[in-house]
Amino acid sequence: MTLSARFSSAPRLALVCCAAVFGLASSGAAHAADEEIQVYMNDINLPHQPGLELHVNDVASGDASPDYPGAQSSLHRLRLTPEWSYALDDHFELGAYLPLTTLDSAGHFRADGWKVRVKWLGQHSERGFFYGINYEVGRVGYRLDQNPWNNEIKLIGGWEGNKWIVGANANFDFALSGPAKTPADVQVATKLGYKLTENTVLGVESYNGVGNLRNLGNFSGSDQSTFIALDTKVGRWDFNAGVGKGYGTSKDDVIVKLIIGIPVG
């Protein structure tokens, strides 16, 4: 798939750099360095076509203290997550993050859960406005989240022109079970990209917590991060690489990410 038609989807540092219910919903507090650091845009597989992306991210510097007793520190923890997908038609796509794996600073490799999703995109042509919604549910190990069962609703919108592309997601994260349920966390994720060539885009991605549904606008009490990101294509392979800075309540200082679109089918 070409970048103009299907905009893809972020030593250890060198690897990454080179390459509904809303009112009743509950969730845990914001977490550092999720398995997926990505703004959903107007990309979807061709009908009946499978897809595979590998999400890789690492916290190069930050606070090593855990978020809660028994939590795995995000510092120098490599997260490796395959995302499998299959498009039912031009608008509906199924996906699975399977398995969620981590390689911690001591060299321990673990699989700690899974997530599945369904995405619907309405209008999503090569040029003009696009919009859609994504629903995700999964179970993760206690090392990654003290609430085992979690959901996310993601509202998708944006616009693509000849040279610029802009997208925004409103993310509502909430837990189905666990000891640390709170009102749903809200995050606004944005991406602004400039097309250097037909297959290469340089952009800025920002992931900004805005509080929970009972305390919206609490920016200082939420995780924030901003990335410089490059999207490009080499043959049939797609790449999204980024370097980001965490701030607000985020314990992660420097974050690196890579998303590799692997040709299958």
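A residue counts as buried when its relative accessible area is under 20%, as exposed when that value is over 50%, and as partly exposed in between. The exercises below apply this rule and others to a predicted model.

**Exercise 1. Describe the protein chain as a whole: how many helices and strands does the chain have, and what percentage of its residues count as buried?**

Step 1. The secondary structure consists of one helix and 16 strands.

Step 2. The chain has 265 residues, of which 51% count as buried.

**Exercise 2. Determine whether Lys195 is buried or exposed, and state which residue its side chain meets in a salt bridge.**

Step 1. The relative accessibility of Lys195 is 5%, so Lys195 counts as buried.

Step 2. The side chain of Lys195 forms a salt bridge with that of Glu160, at 2.6 Å from N to O.

Step 3. Because Glu160 lies in strand S9 (residues 149-160) and Lys195 in strand S12, the pair ties together parts that are 35 residues apart in sequence.

Step 4. Glu160 has a relative accessibility of 1% and therefore counts as buried.

Step 5. A general principle applies here: side chains of opposite charge can pair when their charged atoms come close.

**Exercise 3. Locate the salt bridge between Lys115 and Glu35, and name the network that contains these residues.**

Step 1. The side chains of Lys115 and Glu35 meet at 2.9 Å, N to O.

Step 2. Lys115 belongs to strand S7 (residues 113-121), while Glu35 is in the loop between strand S1 (26-27) and S2, so the pair connects parts that are 80 residues apart in sequence.

Step 3. Lys115 has a relative accessible area of 16% and is therefore buried; Glu35, at 6% relative accessibility, is buried too.

Step 4. A network of salt bridges links Glu35, Arg79, Lys115 and Glu136.

**Exercise 4. Examine the surroundings of His55: in which strand does His55 lie, and which side chain joins that of His55 in a polar contact of 2.7 Å?**

Step 1. His55 lies in strand S2 (residues 50-62).

Step 2. Its relative accessible area is 2%, so His55 is buried.

Step 3. The side chain of Glu83 makes the polar contact of 2.7 Å with that of His55.

Step 4. Leaving aside neighbours within four places in sequence, the residues in contact with His55 include Arg79, Tyr97, Leu258 and Ile259.

Step 5. Ile259 is part of strand S16 (residues 252-262), and its relative accessibility of 4% is why Ile259 counts as buried.

Step 6. Ile259 and Glu83 are 176 residues apart along the chain, and their C-alpha atoms are separated by 9.9 Å.

How values were computed. Residues numbered from 1 in each chain as written. Predicted model: local features only at pLDDT ≥ 70, side-chain atom pairs only at ≥ 80, totals over all residues. Heavy atoms only, no water. Helix = DSSP H or I, 4+ residues; strand = E, 2+ residues; numbered from the N terminus. Buried < 20%, exposed > 50% of the residue type's maximum accessible area, 1.4 Å probe, protein only. Polar contact = N/O pair within 3.5 Å; in protein donor to acceptor, adjacent residues only side chain to side chain. Contact = heavy atoms within 4.5 Å. Salt bridge = Lys/Arg side-chain N within 4 Å of Asp/Glu carboxyl O.
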